Amino acid sequence: MDNQEMMTTKETPIPVFVLWRDICGNEKPWVDLEEAKGIDTILMQTLGWLIEEGEDRVVIAGTLSRPGVDQDELAGNLNAIPRGCIKDLIFIDDLALRAI
């Protein structure tokens, strides 16, 4: 992926709340058509840090190492969410984080 295709966020990851739709499957070998018509997507909520923002997806980390504490910057609990699935992306300001 080239630099034009991927827009990287600021060096410091930004705290965000993402509301998005995920797929829902059915593991049964056979279902009648009425049951099949009733399957739907699931509305999901992800709270974390925006690591990278691209044209087709965003990458959110649920866990980060503390800046200046560890030798390497580390991220865990990663989600790559397709842009087409995102219903809302809310940036969380520092004041809101201090209240937690």
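A salt bridge is taken here as a side-chain nitrogen of Lys or Arg lying within 4 Å of a carboxyl oxygen of Asp or Glu. The model is a predicted one, and by this rule the count comes to four salt bridges. One of them joins lysine 28 to glutamate 35, whose closest N and O atoms are 2.8 Å apart; lysine 28 is partly exposed at 48% relative accessibility, and glutamate 35 is likewise described as partly exposed, with a relative accessible area of 35%.

Another salt bridge links glutamate 34 with lysine 37, the closest N and O atoms being 3.5 Å apart. Both residues belong to helix H1 (residues 33–37), where they are three residues apart, or about one turn of the helix. Glutamate 34 is exposed, with a relative accessible area of 60%, and lysine 37 is exposed at 63%.

A further pair is formed by arginine 83 and glutamate 53, whose side chains meet at 3.0 Å, N to O. Because arginine 83 sits in the loop between S5 and strand S6 (86–91) while glutamate 53 sits in strand S3 (residues 42–54), this pair ties together parts that are 30 residues apart in sequence. Arginine 83 counts as partly exposed at 31% relative accessibility, as does glutamate 53 at 22%.

Turning to the fold, the chain contains two helices and six strands, which follow one another from the N terminus in the order β-β-α-β-β-β-β-α. Among contacts between residues at least 6 apart in sequence, 59% join residues at least 24 apart. Of the 100 residues of the chain, 18% count as buried, and the accessible surface comes to about 7,900 Å², of which 53% belongs to carbon and sulfur atoms.

The largest nonpolar core is made of nine residues, namely Ile14, Val16, Val18, Trp20, Leu50, Val58, Ile60, Ile81 and Ile86. Strand S2 (14–22) and strand S4 (57–64) each supply at least two residues of this core, and S2 gives the most, with four residues. Within this core, valine 16 has contacts, leaving aside residues up to four places away in sequence, that include Trp49, Leu50, Ile60 and Phe91.

Finally, serine 65 lies in the loop between S4 and strand S5 (75–82). Is this residue buried or exposed? Serine 65 is buried, because its relative accessible area is 17% and the cut-off for buried is under 20%. The side chain of serine 65 reaches the backbone nitrogen of leucine 74 at 2.9 Å.

How values were computed. Residues are numbered from 1 along each chain as its sequence is written. This is a predicted model: local features need pLDDT of at least 70, side-chain atom pairs count only at pLDDT 80 or more; totals for chains, interfaces and linings use all residues. Side-chain values use heavy atoms; hydrogens and water are left out. A nonpolar core is a set of buried Ala, Val, Leu, Ile, Met, Phe, Trp, Tyr and Cys residues joined through side-chain atoms within 4.5 Å. Buried means under 20% relative accessible area, exposed over 50%, partly exposed in between (1.4 Å probe, protein chains only). Contact means heavy atoms within 4.5 Å. A polar contact is a pair of N or O atoms within 3.5 Å; within protein, one must be able to donate a hydrogen and the other to accept it, and residues adjacent in sequence count only if both atoms are side-chain atoms. Accessible areas come from the Shrake-Rupley method with a 1.4 Å probe; for residues, only the protein chains shown count as cover.
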